[in-house]
Each structure stands twice: as structure tokens, then as C-alpha cells.
Amino acid sequence: MSNTPSESTETALVTGASRGIGRAIAMALAASNRFVYLNYHSNHKIAQQTLDQIKEQGGDGALLPFDVTDKNAAEDAVKKIISERKTLEILVNNAGIRDDMLMVWMKEENWQQVLNTNLTGFFNVTRLVVKKMLPKRYGRIINISSTSGQLGQPGQVNYSASKAGLIGATKALAKEIAKRNITVNAVAPGFIETEMVEGLPLEQIAQSIPAGRLGQPQEVADAVLFLCSQKASYITGQVLGINGGIC
Ligand code: NDP
């Protein structure tokens, strides 16, 4: 007997869903009838606007603010989802920050904060979610890595390390739980137009991208939506570049 749920009854958690790429992913999942929990850190007004827009478009969801670096807060959040919805089929680990500088100037706190958010945040949330997915024998986990984690980017030793770490974790976890019908994949965006790239020389960057332009959050969301679908059931442990041809 299949354990595969109907997509329209699925519950999803997207971390860092108030704005940018996470917002586009949350909206895409809600538009395909999933109930979406929107996690964010502190930007309540923007998160509420995202949820309002989801509801205006006929979708449904709820705000779930917590700091992914806080393991107790992550535990409370996952418990809340399970008590309200009973299941959680989709987890998108998207919350992330950057704090760029050359390694020679980097202080321990610059290293630690980026690693804590981008990599330990993944661990804090995913460990608990996997425990809930295993007995259901179904799940989709998508980790938002980066081209920076695949290639290494000067000025981003902390960020590149965190995003490369996510790729290793994706591949290892995929192998641990593939038999339970839970897929774990990463997407690795290049330069995507969000607040995260504000202040960078975008025109110059666009010229270095084979496609000649930056990507849009929706273009990442479309790929994530596919990996969350039942059509992607035999894809696990993979890293999908969404980068206009950079690598
Ligand atoms: P934004 O800066 O636009 O949004 C970041 C999101 O993460 C916000 O929702 C923010 O919440 C949330 N967040 C940050 N820290 C925490 C935390 N400790 N706990 C919970 N939520 C947190 O980023 P992007 O949309 O650009 O990036 C999203 C992901 O994609 C990140 O992992 C990033 O590394 C990755 N990425 C981005 C690329 C780009 O070019 N934009 C390229 C490659 C990868 P709040 O609003 O409350 O602050």
C-alpha cells in the first residue's frame, strides 16, 4: 500500500519565508494547495504581508517565527506543527545569512554566526522533522545551498563553508533515509535578485553570468516545487544548480 499523500493535503515548513527566495517558495507551495508554515526571524511585518498575499490568492498557511539557531525554539516549532497538522511532508531549509569579508579580517563571531544560521540551523530543524517523517515513510527535504558552496567565493570563506557543508549533509542524509521514501536534495542558486545581494556590483556580476542576468526568486521556487512533488520521487541526494550557467 502506498504511503504517498495527496499533494493537496500536504503540510510544508519553509524557513526564512518572510522575503526573497523563501517567500517565493512558500507562495509556490501554497499555490499548489499545500498548507505552508512561514518561518522567519524578526521581520514580522513583511512575513505577515507574505501570508496575506498567500491567502488573497486562495492559499493557506501560518506564521511560525523562530530563530533557526535556537534548538529549543526549533523543537517547539516542530511540536506545534505536529500538534496542529499531525504531519509534515515538506521541509525547505532556506533561512540564511551572509557576512562577507576576507578571511584575514574575519573574527570568530563572523564565522560562527554564518555557520550557526546556515548549517546548524539546518541541523536544528531537520533532525526533528526527520523523526516525524520516518514513521510516515514519506517526505521531501530541500536545502538551499549556493554556487558559493560549490565553487568557493573569495570574501565568503564562512558562507562557502556553510553552503558546502549543506551539500555534504544533503548527500549523507539522503542515503540514510532513501528507503523510507524520503528524498533529500539541495538547490544551489547563483546570483538571485533579493535583499541578500543588495550592495553588490550587480551590473558587473550580470556580465559574468553566461545568461547575462541575475536570477529571480520565482526561478528558484519553480525548481523547488518540482523537487517537492511526487514526480521527483527517484531524485535524492542531488544538487541542482540554478545559476544561469555559472557552473
Ligand atoms: P534574504 O536575506 O532576502 O532573506 C533571508 C530570510 O532568512 C529571511 O526570511 C530572514 O528572516 C530569514 N532568516 C535569517 N536568519 C534567520 C534565523 N536565524 N532564523 C530564521 N530565519 C532567518 O535572503 P535570500 O532570499 O536571498 O536567500 C535565501 C536563501 O538562499 C539563503 O539561504 C541564501 O544563502 C540562499 N542563497 C541566496 C542567493 C542570492 O543570490 N540571493 C544565492 C544563493 C543562495 P527575517 O526576514 O525575519 O530577517
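On a 1 Å grid over the protein atoms alone, a pocket is an open set of points where a 1.4 Å probe fits, with protein on both sides within 12 Å along at least five of seven lines. A molecule sits in one if more than half of its atoms lie within 2 Å of its grid points. This is a predicted model: local features need pLDDT of at least 70, side-chain atom pairs count only at pLDDT 80 or more, and totals for chains, interfaces and linings use all residues. Residues are numbered from 1 along each chain as its sequence is written, and side-chain values use heavy atoms, without hydrogens and water.

**Select the ligand.** The ligand takes up the space of the largest pocket.

**Show its shell.** There are 32 residues around the ligand, each with a heavy atom within 4 Å of it. Among these, S18, S42, N94, Y159 and T194 come nearest. Colour the shell by class: 14 nonpolar, 14 polar and four charged residues. Here Gly counts as polar, while Tyr counts as nonpolar.

Helix 1 (20–31) and helix 6 (157–177) each give the shell at least two residues. Helices are DSSP runs (H or I, at least four residues) and strands are too (E, at least two).

**Turn to the ligand's oxygen atoms.** Look for polar contacts (N or O pairs within 3.5 Å). A polar side-chain atom of S18 is 2.6 Å from a ligand oxygen. At N94, a polar backbone atom lies 2.7 Å from one. At N43, a backbone N or O atom lies 2.8 Å from one. Taken alone the ligand exposes 900 Å², and the protein buries 95% of that (Shrake-Rupley method, 1.4 Å probe).

**Finish at R34.** R34 forms a salt bridge with E10, with the closest N and O atoms 2.9 Å apart. R34 lies in the loop between helix 1 and strand 2 (35–38) and E10 in the segment before strand 1 (11–14), so the pair ties together parts 24 residues apart in sequence.

Conventions: A polar contact is a pair of N or O atoms within 3.5 Å; within protein, one must be able to donate a hydrogen and the other to accept it, and residues adjacent in sequence count only if both atoms are side-chain atoms. On a 1 Å grid over the protein atoms alone, a cavity is a set of points where a 1.4 Å probe fits but cannot get out, and a pocket is an open set with protein on both sides within 12 Å along at least five of seven lines; lining residues have an atom within 4 Å of a point. A salt bridge is a side-chain nitrogen of Lys or Arg within 4 Å of a carboxyl oxygen of Asp or Glu.
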